[in-house]
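Subject: A structure for you to look at

Hi,

Here is the structure I promised to send over. Have a look at it first, and then read on for what turned up in it.

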Amino acid sequence: MSTVQTLDRAGIAERIPHRGSMCLLEKLENWDAQRIHCSTMTHRDTGNPLRTASGLLAPNAIEYAAQAMALHGGLTASAGQAPSAGYLASVRSVRFGVDRLDQVEGAMQVHANRLSGDERQVLYEFNVLDATDRPLAQGRAVVVLNTPLASMETDQCAGTENEPS
């Protein structure tokens, strides 16, 4: 498990599969073995890659939460062990407190709590809040780990081809 307590955007980008403007989280606020808290102002960026002509719609909060989950997985990996590649398999009980994220003032607070899991899948609860702790999005997500598809995607993100044996 990592001893890092806080990270900036560059440090986060080194630990998740998203690069450039697709790395949506700007700061790791704190974390432990069960939970993570990140913050960001990228929801206000007119160049946000998830933004459409209608703005940055609330369902995109799930991507913010998924990136926090990915970062948590990387931070909780055993020393010397690469984090498990994973895919967001499902989200449940999702509720939105706003229609658009780009209209939210201040930094968004992204929280994910690991509820259960093993080497194949992890269940998280997530909450995305505004700077005054108003709920913007909340729900549960299942991340599937170490699937052949996840391994292939990780290889492609790293710029290698996944050749059949």
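A salt bridge here is a side-chain nitrogen of Lys or Arg within 4 Å of a carboxyl oxygen of Asp or Glu. Please keep in mind that this is a predicted model. Are the two partners buried or exposed? Asp 130 is buried, at a relative accessible area of 6%, while Arg 134 is partly exposed at 38%.

How many salt bridges are there by this rule? The count is eight. Another one of them joins Arg 15 to Glu 14, with 3.8 Å between the closest N and O atoms. Glu 14 is exposed, with 63% relative accessibility, and Arg 15 is partly exposed, with 30%.

Next, look for Arg 44 and Glu 105, a salt bridge whose closest N and O atoms are 3.6 Å apart. Arg 44 sits in the loop between β3 (35–40) and α2 (61–76), and Glu 105 sits in the loop between β4 (86–96) and β5 (108–117), so this pair ties together parts that lie 61 residues apart in sequence. Arg 44 is partly exposed at 34% relative accessible area, and Glu 105 is exposed at 56%.

Now for the cysteines. How many disulfides does a search of the whole structure find? It finds zero. Cys 23 is in no disulfide, and the nearest cysteine sulfur, that of Cys 38, is 9.4 Å away.

One last stop is His 37, which you will find in strand β3. This histidine is buried, with a relative accessible area of 14%. Which residues does His 37 contact, leaving aside its neighbours within four places in sequence? They are Lys 27, Leu 28, Glu 29 and Asn 30, together with Gln 109, Val 110 and His 111.

Enjoy exploring!

Best wishes

Methods: Residues are numbered from 1 along each chain as its sequence is written. This is a predicted model: local features need pLDDT of at least 70, side-chain atom pairs count only at pLDDT 80 or more; totals for chains, interfaces and linings use all residues. Side-chain values use heavy atoms; hydrogens and water are left out. Buried means under 20% relative accessible area, exposed over 50%, partly exposed in between (1.4 Å probe, protein chains only). Helices (H or I, at least four residues) and strands (E, at least two) are DSSP runs, numbered from the N terminus. Contact means heavy atoms within 4.5 Å. A disulfide is a pair of cysteine sulfur atoms within 2.5 Å.
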